[in-house]
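Please read the following account with the model open beside you.

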Amino acid sequence: MNNKLQKQLLKRSKASKLERFGKTISFLALMLITVTVFAIIIFVASKGLSTFFSNHVNVIDFLTGKDWNPNVTNSKGQPEVGALPMISGSFVVTILSALLATPFAIGTAIFMNEISPHRGAKILQPVIELLVGIPSVVYGFIGLTVVVPAIRSVFGGSGFGILAGTFVLFVMILPTVTSMSVDALRSVPRYYREAALALGATQWQTIYKVVLRAATPGMLTAIVFGMARAFGEALAVQMVIGNAALLPTSLVSPASTLTSVLTTGIGNTVMGSLQNNALWSLALVLLIMSLIFNLVIRLIGRKGAMSK
Amino acid sequence: MNSKISNRIAIATLYVIASTIVVILAALLGYIIISGLPAISWHFLTSPARAFTSGGGIGIQLFNSFYLLILTMIISFPIALGAGIYLNEYAKQNWVTSLVRTSIEILSSLPSVVVGLFGFLIFVVQFGFGFSILSGAFALTFFNLPLLTRSIEEALAAVPDEQREGGLALGLSKWETVLHIIVPAALPTILTGVILSAGRIFGEAAALIFTAGQSAPALNFTDWNPFNISSPLNPMRPAETLAVHIWKINSEGIMPDAKAISSGSSAVLVISVLGFNLLARFVGHRLFKRLTAG
Amino acid sequence: MLINPSSPHSDDGWLDRNIVDPSLKSERPIVLETKQLHVYYGDNEAIHEGDLKFPEHRISALIGPSGSGKSTYLRSLNRMNDGIAQVTGEILYRGVDVNRPEIDVYEMRRRIGMVFQRPNPFSKSIYDNITFALKRRGITDKKKLDEIVETSLKQAAIWDEVKDKLKKSALALSGGQQQRLCIARALAVKPDILLLDEPASALDPVSTSKLEETLLKLKEDYTIIIVTHNMQQAARISDYTAFFNMGRALEYDETSRIFTSPKVQLTNNYVAGDFG
């Protein structure tokens with residue numbers, strides 16, 4: 001046996017040390033992100049739960065109570081922290097804006113992918129990329145100066161409210177939902193269309209009966225993704241919804257969402273007070289909803305993968 | 001109904017829908033630019049804001065936006081690069097990797113206001129950084145990391161494996177190969193991703209109102225010592241950005257020309273973001289050419 | 001006793017296997033040797049057995065139909081399959097088993113270099129392609145680097161074509177030039193053995209014959225093992241040839257014997273062009 005060579009080959013080289021160093025450091029960077037996510041969940045949860053554990057507010061009362069007025073104690077001697085107005089406000093604007101955006105998004109996606117791919121690539125693609133890039137405060141500002149006055153002149157009242165919020169969110173989530181729907185359509189194999197057309201189906205029958213069916217899981221993911229964005233959007237909504245912590249009774253009267261109350265409230269309360277903790281509980285609801293949206297997207301993805 | 005007629009109706013409807021989208025964007029952009037441009041002047045872009053009287057500018061906010069952007073990138077890029085490298089080059093398919101991927105997905109879908117509140121809790125309150133550029137930069141880092149990590153990972157994955165083998169066959173470690181061959185080869189794509197995420201950071205406000213703060217104290221643009229409180233470079237001063245400024249004056253602004261200032265600021269913001277988009281395309285294209293040309 | 005005792009004659013005169021030990025007939029020392037080498041991809045066994053010995057300063061060719069395992073075998077020799085496949089058995093490099101976890105794989109690969117099927121120059125200048133690994137190993141003396149660049153490019157027979165554009169991007173070279181640059185890059189770190197994995201498969205005939213000339217010259221200083229799907233190429237340049245089929249080295253002998261009087265029927269069929 002060649003002893004000198006053996007020795008040289010057994011010695012740890014510089015490359016080997018660098019490899020260990022690099023692998024460790026890049027792993028640490030990755031772990032930093034993961035730990036942050038867990039830290040966010042743990043911190044928000046512990047702050048948000050203190051309303052129930054330190055201030056002994058009943059969870060059911062919190063979720064179903066209709067009066068939000070943390071400075072006031074009610075007849076039972078408990079502070080009025082009913083989050084139902086904000087929770088329902090968030091859900092209503094999210095669902096309405098998704099309902100409004102879905103036909104537009106899917107229609108545009110079909111147009112871009114099936115009807116006129118050339119114009120889709122040349123005009124609509126850049127248009128959608130531009131829309132994605134517009135910051136949410138700009139949407140809020142336009143909502144404030146265009147949408148709210150328009151609603152005011154048509155329906156009367158202040159113009160602030162669910163309807164204004166819905167419009168702003170509709171335009172905000174439209175590009176995201178559209179571009180994800182385009183991806184879903186694109187993943188439908190070409191021969192599906194060719195087979196249907198060859199059987200004598202019209203273009204619309206092909207799209208409606210074959211392509212859309214095959215792309216349904218991807219489209220659903222796009223819509224849920226848009227809803228998650230709408231649910232979590234803060235400033236644009238806060239600027240146009242009117243910020244009245246009341247159960248929404250009409251689409252054009254001032255209302256509020258979880259995010260709008262958070263943005264206006266957290267700076268005006270003292271850390272650790274009940275008023276402050278109650279706001280963190282709203283943030284916890286927001287966080288949980290975001291996790292649920294995530295889960296739904298995963299479930300759709302898994303089901304879509306199975307049916308293929 | 002006749003299938004040919006329904007076909008025609010359906011396709012006509014699709015045309016209407018697609019044109020509506022184009023009209024909406026044209027109207028949006030047109031409105032922002034037309035209502036904003038008259039407000040934009042050199043004075044507007046460079047002078048400080050006024051709280052109660054008209055004639056204020058957005059100079060400090062604009063500077064803050066850029067400073068915060070640069071600081072955020074300095075903090076988040078190395079982390080995203082490391083994470084992207086590990087995910088693409090080292091990670092095996094096991095439960096740890098899928099847990100990590102899930103948590104990155106969760107972070108990317110968290111509402112930015114929640115990220116901002118977490119930043120407020122940790123950096124502003126616990127670490128005692130107060131409302132400061134540094135707190136804001138950390139909050140924006142969390143906001144930025146998932147997308148940046150993913151775009152770096154994708155950029156690295158697009159570099160052919162032959163390049164990695166070339167490095168390894170010379171007796172180099174995978175780390176050296178990745179750092180000195182794969183990353184440079186992926187640089188055009190990585191930079192495009194960085195610039196696109198810069199546009200997102202530049203327009204973000206919800207994560208900043210409780211971290212970087214909502215006030216813009218006067219700055220002394222002749223003092224570049226980062227330890228002085230009025231120095232523009234001081235990372236511990238509160239710093240309202242342009243996006244936050246738009247929100248702030250529309251929520252509680254009392255200056256008489258709040259609307260004109262918002263219009264002008266919105267136009268500046270949108271033009272900057274468009275600029276980032278164009279720059280991303282341009283840089284990606286140019287660098288790619290330079291790397292492959294003789 | 002050149003014949004592997006485990007390979008009896010079959011009835012019609014053909015052998016099942018015929019693996020020759022070159023050390024018995026040439027005075028050349030054996031540089032690389034595999035014993036009981038098995039390669040698995042998961043549960044799939046890609047190489048069942050490959051016991052070959054490669055003599056110093058000779059060109060050995062590995063031939064066989066696609067999927068026969070010749071490339072997998074070659075890539076196992078400098079452990080390029082680490083992390084991709086499981087390799088068991090011994091790989092003796094000048095008597096030292098390098099298929100052990102405690103061996104420094106980077107130092108080993110510096111001595112056992114490799115050139116790949118598709119030319120893979122880095123997106124750097126020609127000069128930087130050659131010096132990159134050297135600089136990483138701590139050689140920074142400009143004069144010394146210049147010297148190594150010149151010698152390796154000359155050895156790879158590409159110096160005259162590129163000496164005026166060393167600072168230009170390597171990606172601007174033609175495929176054949178890129179491949180010879182990759183050889184020069186491998187030579188720059190002063191390896192002992194050069195493994196080539198179908199290095200001419202992406203090249204035109206002129207570039208191929210240039211590459212072959214280069215290899216014949218390099219043989220004076222290096223031990224070369226080359227995988228090729230081109231039998232004429234093996235016949236032209238190699239001293240020894242191994243025929244692989246279905247994950248097994250069936251026959252290994254002097255190249256002239258493989259092509260004129262193979263002892264295994266499958267080898268005969270293959271070199272006669274019956275399958276492949």
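Among the elements of chain B, helix α10(B) (residues 258–292) has the lowest mean pLDDT, 84, whereas helix α6(B) (residues 133–157) has the highest, 96; pLDDT is the predictor's confidence in each residue, on a scale from 0 to 100. Helices (H or I, at least four residues) and strands (E, at least two) are DSSP runs, numbered from the N terminus. This is a predicted model, in which local features need pLDDT of at least 70 and side-chain atom pairs count only at pLDDT 80 or more, while totals for chains, interfaces and linings use all residues. Residues are numbered from 1 along each chain as its sequence is written, and chains are lettered from A and ligands numbered from 1 in the order in which they are written.

For chain B as a whole the mean pLDDT is 89, with 97% of its residues at 70 or more. The chain has ten helices and zero strands, and its C-alpha atoms fill a box of roughly 75 × 70 × 45 Å along the principal axes. Of the 294 residues in chain B, 50% are buried, where buried means that 20 or more other C-beta atoms lie within 10 Å of the residue's own, exposed that 12 or fewer do, and partly exposed in between, with C-beta atoms placed from the backbone. Among contacts in chain B with a separation of 6 or more, 75% are between residues 24 or more positions apart; two residues are in contact if their C-beta atoms, placed from the backbone, lie within 7 Å.

Chain B in turn meets chain A, in a contact that takes 66 residues from chain A and 69 residues from chain B. On the side of chain A, α2(A) (14–53), α4(A) (84–115), α5(A) (117–133), α6(A) (136–155), α9(A) (203–232), α10(A) (235–240), α11(A) (258–265) and α12(A) (274–307) each supply at least two residues, and α2(A) gives the most, with 20 residues. By class, this side of chain A has 43 nonpolar, 19 polar and four charged residues; Ala, Val, Leu, Ile, Met, Phe, Trp, Tyr, Cys and Pro count as nonpolar, Asp, Glu, Lys and Arg as charged, and the others, Gly among them, as polar.

Within chain A, an assignment gives domain 1 (12–80) and domain 2 (83–307), the bounds coming from an automatic or database domain assignment. The C-alpha centres of these two domains lie 26 Å apart, and 17 residues of domain 1 of chain A are in contact with 16 residues of domain 2 of chain A. On the domain 1 side, α2(A), α3(A) (59–64) and β1(A) (68–73) are the elements that give two or more residues, with α2(A) giving the most, seven residues.

The largest nonpolar core has 264 residues, and those with the most contacts inside it are Ala164(A), Val168(A), Val240(A), Ala283(A) and Val114(B). A nonpolar core is a set of buried Ala, Val, Leu, Ile, Met, Phe, Trp, Tyr and Cys residues joined through C-beta atoms within 7 Å. Helix α7(A) (residues 162–186) gives the most to this core, with 15 residues. Leaving aside residues up to four places away in sequence, Val240(A) touches residues including Gly140(A), Leu144(A), Phe160(A), Ala164(A) and Val168(A).

Chain C also touches chain A, through ten residues of chain C and twelve residues of chain A. Helix α2(C) (residues 105–111) provides the largest share of the chain C side, three residues, and that side divides into five nonpolar, one polar and four charged residues.

In chain C, strand β2(C) (residues 30–41) runs antiparallel to β6(C) (residues 86–93), joined by seven bridges, and also antiparallel to β4(C) (residues 53–55), joined by three bridges; two strands pair if DSSP finds at least two bridges between them. Leu32(C) stands opposite Tyr93(C) in β6(C), while the bridge partner of Glu33(C) in β4(C) is Lys53(C). Three bridges join β2(C) to the antiparallel strand β3(C) (residues 44–47), in which Ile47(C) is the bridge partner of Val39(C). The hairpin of β2(C) and β3(C) has two residues between the strands, and Gly42(C) takes a positive phi near 60 degrees there.

Lys35(C) also lies in strand β2(C). Why is Lys35(C) counted as partly exposed? Lys35(C) is placed in that class because it has 15 C-beta neighbours inside 10 Å.
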